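Trainee: I am new to this structure and would like to go through it slowly, one question at a time.
Mentor: Then let us look at it together and begin with the ligand.

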Amino acid sequence: MPGTCVIGLQWGDEAKGKLVDLLTPNFDLVVRYQGGANAGHTVVIGDKTFKLHHIPSGILNPQVKNIIAPGVVLNPGTILQEIDSLLADGVDPSENMIISDRVHVVCPWHIEEDKALNAMLVGGESIGTTLRGIGPCYRDKVGRTFAIRLGDMFRDDFAEKVRGIVTAKKRILSGIRGDDAEGDVELDADAIISEFNGYAERLKPYVADTNHLLHDAVADGKKLLFEGAQGALLDIDHGTFPFVTSSNSSGVGITGGSGVPPKWINKVIGVIKSYSTRVGGGPFPTELDNEVGAKIRDLGNEYGTTTGRPRRCGWFDAVAVRYSARLSGVDALSLMMLDVMSYLDEIKICTAYRIDGVETNLFPSNADDLRRAEPVYETLPGWNHDVTAARSIEEIPELAMSFANRVGEIVGVPVAMVSVGPDRAQSIFVDGNAQQMAGVGG
Ligand code: IMP
């Protein structure tokens, strides 16, 4: 069976990029299949840090083909910036990256709509989007009338299409904002057409029908690694709606976004941090609005890769992760940022919620119920010892491994790898569980 998937099991930013980069040598293709420039994947190799938004984290391995599949929404200007920054670091993506002509294109009006709508409250709170036009672009994809796919940018009627959409979007925007966007110069059809024609010319060598390519690859016996963006709790259908992103960011989104049959996915690796973070609005039962939360934020450098926003931090929520691991069919856990917990006196794991006085270990489907959830904690002792130099399980303090194993036990999935720092070398496979990671490690 050809496919393994890496999925974030919290609210995004679980350091999936590091894991994908690490697993990549075992695969022939890495596939990114949902989300867009709202994602920020950081990969650190030696003294170089690579920040990627659309480009799969496998790009740093020249042997591997990187596919941007139909379920992604693509901002052409942003991906060209990513390409340029890779080129500046001596990585040439034209050798090993292919973008589906089916991806939907994030256009300037999507960014404007995102700004206008994000200023409105949903359930008393702003969604707090990344303002990258993601929701509006997916909305136009589903709505069809105003959608532009990457392949459309190469067709003769592209300019005419943009003109029609700009006329309609000005009316829509003025309706949302309650102003006179029709006379607004920020949506200038001619300027957009000429800017996007320039993007099309530069992107042309990368564009193909990736569906055939993936089907042929599997027919030839190639191995696929699917790279999820965001986290399962931000899934549009199964996350903390409406405080979610607009794609299926849990395991259920893999086949729809990639254009491959479900039977190709035979292994799912769930990535979790040793604590929880969330950016933007929405309920977060284990949030620590105190010194401990601030300490975790500082030690974990919890500031958005894409927006620079400080992330909300809190204790590990095993109720939420047990749910997202079951939803995504996770076989093994990769526990990241263990080093960040090293100097806390005690560490808490949320094992249940109390909602209106009733204790439950089931994650609620409604954001208001989750907002009322009081966490029930199990407290473990801290280990007060630097783990960043550890390269084997034996070098990790016993108390730290007790924490890791307890997380796996409550979630119901074994921890197969722990990460003690951002570098590739700071990744330790857990004996006995390593084979769960697609045969990677010991
Ligand atoms: P959007 O995806 O920009 O529409 O934002 C919707 C919600 O998802 C907001 O709460 C964002 O902060 C969150 N979000 C989107 N992408 C990411 C990500 O890559 N990491 C963490 N949170 C994200």
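Trainee: How far is an oxygen atom of the ligand from an N or O atom in the side chain of Asn38?
Mentor: This is a predicted model, in which local features need pLDDT of at least 70 and side-chain atom pairs count only at pLDDT 80 or more, while totals for chains, interfaces and linings use all residues. Residues are numbered from 1 along each chain as its sequence is written, and side-chain values use heavy atoms, with hydrogens and water left out. A polar contact is a pair of N or O atoms within 3.5 Å; within protein, one must be able to donate a hydrogen and the other to accept it, and residues adjacent in sequence count only if both atoms are side-chain atoms. For the side chain of Asn38, the distance from an N or O atom to an oxygen atom of the ligand is 2.9 Å.

Trainee: What share of the ligand's exposed area does the protein bury?
Mentor: An oxygen atom of the ligand also lies 2.6 Å from an N or O atom in the side chain of Thr130, and one is 3.0 Å from a polar backbone atom of Val279. Taken alone, the ligand exposes 470 Å² (accessible areas come from the Shrake-Rupley method with a 1.4 Å probe; for residues, only the protein chains shown count as cover). Of that area, the protein buries 96%.

Trainee: Within what arc do the buried residues of helix α7 fall?
Mentor: Helices (H or I, at least four residues) and strands (E, at least two) are DSSP runs, numbered from the N terminus, and buried means under 20% relative accessible area, exposed over 50%, partly exposed in between (1.4 Å probe, protein chains only). In α7, residues 210–219, the buried ones are Thr210, Asn211, Leu214, Ala217 and Val218. They line one face of the helix, because seen down its axis (by the directions from the axis to the C-beta atoms) they fall within an arc of 130°.

Trainee: Which exposed residues does the face of α7 turned away from its buried side carry?
Mentor: The buried side is covered by elements including β2, β5 and β7, where contact means heavy atoms within 4.5 Å. On the face turned away from it, the exposed residues are His212 and Ala219.
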